[in-house]
Amino acid sequence: MRPGQIIVLATPVFFLLIAIEFAVGRMRARRGTGHDTYRLADAVNSIGLGMLSQISAVLTGLLRIGIYTAVYSAVALFPKEAASEFWTTWYGWLLALVFYDLCYYWLHRMGHESAVLWAAHVVHHQSQHYNLSTALRQTSSGALLGWIFYMPMAVAGVPPLVFVVVALIDLLYQFWVHTEQVGKLGWFDRWFCSPSNHRVHHAVNDTYLDRNYGGILIVWDRMFGTFREEDERCVYGTRGELKSWDPLWANAEVYWTLAKDSWHARSWADKLRVWLKPPGWRPADVAARFPKPAFDIAKVTRYEPVVSHGVQWFAGVQFLLMLGGVAFFLWFSDGMPLQRSAVWLAALTASLWAIGAVLQGRLSVTEVLLVEAAALATASAALGIDWLHHICKPLALSIAIVFAARRAMASGAVTRFEGLLLAGLVASLAGDVLLMGSAALFVPGLICFLLAHLAYIALFRIGVGMFPRRAVLAATLLIGAGMYAFLWQGGLPPALRIPVGVYVVVIACMAAQAIGRAAVLRAADPSAVWVAVGACFFMLSDALLATNRFVSPLPLAQLWVLATYYAAQILIVRHVRRPGA
């Protein structure tokens with residue numbers, strides 16, 4: 001049985017234990033003998049990050065296991081047969097588990113002492129609550145450098161299968177220690193990682209910071225001087241608070257901060273030190289120009305944006321559906337080609353992001369449905385699941401039309417501005433439907449999108465005039481001309497040269513109008529910049545579509561064409577506003 005399948009089978013056990021912990025916490029809170037440690041958005045975010053970690057591990061896990069196997073095969077100190085015979089005895093398995101736990105201790109410790117490793121590990125610490133869902137909160141980038149710390153096992157001849165099994169045991173053991181409902185356990189706390197010991201590790205209290213790294217055994221901390229006993233109430237989270245339910249930002253937050261400090265550092269040595277020094281270290285010149293307030297535990301507040309009960313129910317249902325999709329993916333992922341896995345990773349990631357955004361109040365329910373329909377339309381096209389694609393592709397633009405219509409009605413009147421936006425979306429929907437048909441419907445589909453772009457040009461003209469930045473128009477037309485020449489040379493059929501040429505001119509004008517509009521309105525309406533980005537995505541999508549159709553087939557063409565197309569439509573429909581509105 002593969003590791004992904006073991007995780008799927010363990011998932012019901014995880015959720016049963018989470019439910020028990022939740023019930024115990026609620027009961028103790030009512031009795032006044034404890035407190036409830038769960039909040040829906042936090043739990044969804046933590047479990048969602050675990051899901052993202054598992055689905056990304058389908059790709060990054062190849063790096064970790066591949067490098068381990070290569071080192072094991074090339075430089076193991078002992079003959080493979082003799083080493084395999086030893087490590088597969090009962091005492092060999094036990095020693096391998098202890099060996100792994102020692103390597104894990106040093107990876108975990110360096111994850112708190114080196115900024116680039118902390119950038120990956122920080123994900124596990126971001127929750128300001130401490131419960132069993134926190135255990136599932138895992139990084140998606142840990143495999144990029146974490147494999148280095150397990151190379152001693154490969155050199156010692158521990159077979160890859162043994163390595164994978166003991167790694168899974170070590171990981172699964174750590175689930176139960178993430179709880180506040182279990183107190184101190186006496187002698188057990190002195191030898192093993194326990195709830196009390198691990199609570200200390202997750203705390204940001206001065207006396208607890210960077211302590212208790214052991215995975216299964218806490219004796220490593222006692223041996224190497226990093227042990228701290230729990231003796232005051234823990235405050236959880238990180239000192240650089242995340243304040244977001246975005247799973248992508250949770251993984252990227254510290255990398256982005258380090259990249260900015262490295263960019264701003266004047267010394268080349270400091271540009272490197274930023275990544276290697278302990279978390280929080282900053283070059284003196286960067287700290288002086290971009291100061292940050294000192295951490296004050298008394299000022300720590302929990303991030304809990306207010307959303308309605310209806311939104312919470314919606315997010316919960318969507319999350320359960322997503323959990324089913326992830327479980328299905330993990331069960332079959334090891335037998336999937338890498339490209340198929342990458343497509344599902346992209347679709348599931350987009351949906352997890354949308355669920356986090358609705359709990360944060362950044363997206364409405366309708367916008368979440370739009371993102372999910374677009375993700376499914378894109379994935380189903382890339383994977384050749386025709387029945388699903390024929391449902392989701394028209395559904396996505398239909399949801400966009402509903403979103404635009406509801407916003408127009410909420411404003412009190414449907415003006416020419418809203419009418420043009422709806423016309424562009426309706427024409428795009430018609431183009432989508434036609435392009436799903438036979439090759440004979442290509443030109444009618446092209447005409448529908450031509451009408452959509454003309455509607456967008458008229459829409460973007462309102463309040464700023466026609467082509468307010470003529471240099472931008474010249475640039476987009478030049479890009480369009482280059483693309484048209486590329487298509488001509490690549491084999492554009494003679495019958496399509498005129499309609500495609502007209503289309504290229506119109507979409508170049510649409511992009512120029514949107515960019516010019518953003519240049520005029522960006523001070524008063526920053527969202528105009530996102531509309532311009534959407535228009536540029538439209539040009540890119542059409543360029544990819546034409547290249548794939550007329551010049552040369554592109555790998556995963558439908559993924560790139562539809563991902564950029566839906567990014568364009570979503571950015572436009574979400575961010576376009578009447579000037580002065």
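## Cavities and helix packing

The lining of the second largest cavity divides into 9 nonpolar, 3 polar and no charged residues. Here nonpolar covers Ala, Val, Leu, Ile, Met, Phe, Trp, Tyr, Cys and Pro, charged covers Asp, Glu, Lys and Arg, and polar covers the others, Gly among them. The model is predicted: local features need pLDDT of at least 70 and side-chain atom pairs count only at pLDDT 80 or more, while totals for chains, interfaces and linings use all residues. Residues are numbered from 1 along each chain as its sequence is written, and side-chain values use heavy atoms, with hydrogens and water left out.

A cavity is a set of points on a 1 Å grid over the protein atoms alone where a 1.4 Å probe fits but cannot get out, and its lining residues have an atom within 4 Å of a point. Grid points are joined across faces, edges and corners, and a volume is the space filled by probe spheres set on the points.

The second largest cavity has a volume of about 80 Å³. Among its lining residues are Ala41, Val44, Trp245, Phe319 and Leu359. Helix H2 (40-75) and helix H17 (338-359) are the elements that give two or more residues to this lining. The largest share, 5 residues, comes from H2. Helices are DSSP runs (H or I, at least four residues), numbered from the N terminus.

In total there are 3 cavities of 30 Å³ or more. The largest cavity has a volume of about 140 Å³. It is lined by 16 residues, of which Gln126, Gln128, Leu242, Lys243 and Tyr303 are the closest to its centre. By class, this lining has 3 nonpolar, 9 polar and 4 charged residues.

Two helix pairs are tabulated next. Axes are lines fitted to C-alpha atoms over the stretch in contact, and angles run from 0 to 180 degrees between N-to-C directions.

| Helix pair | Axes come within | Crossing angle |
|---|---|---|
| H16 (309-332) and H18 (365-383) | 11 Å | roughly 15 degrees |
| H22 (470-490) and H23 (497-521) | 8 Å | roughly 150 degrees |

The angle makes H16 roughly parallel to H18 (under 35 degrees). H22 is roughly antiparallel to H23 (over 145 degrees). H16 passes H18 in a right-handed crossing, meaning that the near helix is turned clockwise from the far one by less than a right angle. The crossing of H22 and H23 is right-handed.

Helix H19 (residues 386-410) has 25 residues and reaches 36 Å from its first C-alpha to its last, close to the expected 36 Å. The expected span is 1.5 Å times one less than the number of residues. Just after H19, Gly412 takes a positive phi of about 100 degrees.

Notes: On a 1 Å grid over the protein atoms alone, a cavity is a set of points where a 1.4 Å probe fits but cannot get out, and a pocket is an open set with protein on both sides within 12 Å along at least five of seven lines; lining residues have an atom within 4 Å of a point. Angles under 35 degrees count as roughly parallel, over 145 as roughly antiparallel, 65 to 115 as roughly perpendicular and the rest as oblique.
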